[in-house]
Amino acid sequence: MSIISIVGIGLICAVISILLKRFGAEMGMLVSLASGALIFFIILPYLSNVMLVLTSLTDNISVGSEHIAIIFRVLGVAYIAEFGAQVCKDSGEGAIASKIELGGKVIIMVISAPIIVSFLNLILGIV
C-alpha cells in the first residue's frame with residue numbers, strides 16, 4: 001500500500017463524511033472515526049517494520065534494551081494521543097483535544113524519566 005492509496009482513502013472518506021453530515025452530524029463523525037481506524041490499521045504493518053529495524057539496530061549498539069523499550073512506549077503514547085486529539089478536533093471539541101495532548105505530554109515525561117535521569121547521571125559523571 002502506498003501513500004497515494006492512503007490519501008485516496010482519506011479523501012474518499014472525507015467526501016462521504018461531508019455528504020453524510022448534511023443528514024446528521026453523528027453519521028459524519030462515525031465515518032471520520034471509521035476512516036481514521038482504517039488508515040491506522042493500514043499503516044500498522046509499516047510501524048511494526050520500523051520497530052523491527054530499530055530493534056535490530058539496538059542489538060548492534062550499546063544502548064540498553066530498557067531504553068529502547070521506553071522510546072517505543074513514548075512513540076506509542078505520542079501517536080495515540082495525536083490520533084485521539086485529531087478525532088476530537090474533527091468533531092469540534094478543541095478543548096478536549098488540547099487536554100488529550102497535555103495528558104500525552106505528561107505521560108511521555110513520566111515514561112521518559114529513567115532516560116532523563118540516566119542522561120543527567122552521565123553528565124554528572126563527566127563533570
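Which backbone oxygen lies 2.8 Å from a polar atom of the side chain of Ser 112? It is the backbone oxygen of Ile 108. The views described below are all taken from a predicted model.

View A. The side chain of Ser 112 has a polar atom 2.8 Å from the backbone oxygen of Ile 108. The backbone oxygen of Met 109 likewise lies 3.3 Å from a polar atom of this side chain. Ser 112 has a relative accessibility of 14% and therefore counts as buried, the limit being under 20%. When its neighbours within four places in sequence are left aside, Ser 112 is in contact with Ile 70 and Val 74.

**View B. The salt bridge between Lys 89 and Glu 101.** The count of salt bridges in the model comes to one. In the pair formed by Lys 89 and Glu 101, the closest N and O atoms are 3.1 Å apart. Lys 89 belongs to helix 3 (residues 65-90) and Glu 101 to helix 4 (residues 94-126), so the pair ties together parts that are twelve residues apart in sequence. Lys 89 counts as partly exposed because its relative accessibility is 40%. Glu 101, with a relative accessibility of 23%, also counts as partly exposed.

**View C. The largest pocket, with about 350 Å³ of space.** The lining of this pocket consists of 15 residues, of which Gly 36, Ile 39, Glu 82, Phe 83 and Gln 86 are the closest to its centre. Helix 2 (25-60) and helix 3 each supply at least two residues of the lining. Helix 2 gives the most, with nine residues. By class, the lining of the largest pocket divides into nine nonpolar, four polar and two charged residues.

**View D. The second largest pocket, with a volume of about 220 Å³.** Among the residues that line the second largest pocket are Phe 40, Leu 47, Val 50, Met 51 and Leu 54. The lining also includes Phe 72, Leu 75, Gly 76, Tyr 79 and Ile 80. At least two residues of this lining come from helix 2, and at least two from helix 3. Nine residues of the lining are nonpolar and one is polar, while no charged residues are present.

**View E. Cys 13 in helix 1 (residues 3-21).** Which residues is Cys 13 in contact with, leaving aside its neighbours within four places in sequence? They are Val 31 and Ser 35. The C-alpha atoms of Cys 13 and Ser 32 are separated by 7.0 Å, and the two residues are 19 residues apart along the chain. Cys 13 counts as buried because its relative accessibility is 14%, which falls under 20%.

**View F. Ile 68 in helix 3.** How far apart in space are Ile 68 and Leu 102, C-alpha to C-alpha? The distance is 23 Å, for two residues that are 34 residues apart in sequence. Ile 68 has a relative accessibility of 13% and therefore counts as buried.

Conventions:
Residues numbered from 1 in each chain as written. Predicted model: local features only at pLDDT ≥ 70, side-chain atom pairs only at ≥ 80, totals over all residues. Heavy atoms only, no water. Salt bridge = Lys/Arg side-chain N within 4 Å of Asp/Glu carboxyl O. Helix = DSSP H or I, 4+ residues; strand = E, 2+ residues; numbered from the N terminus. Buried < 20%, exposed > 50% of the residue type's maximum accessible area, 1.4 Å probe, protein only. Polar contact = N/O pair within 3.5 Å; in protein donor to acceptor, adjacent residues only side chain to side chain. Contact = heavy atoms within 4.5 Å. 1 Å grid on protein atoms, 1.4 Å probe; cavity = no way out; pocket = protein on both sides within 12 Å on 5 of 7 lines; lining within 4 Å. Points joined across faces, edges and corners; volume = space filled by probe spheres on them. Nonpolar A, V, L, I, M, F, W, Y, C, P; charged D, E, K, R; others polar.
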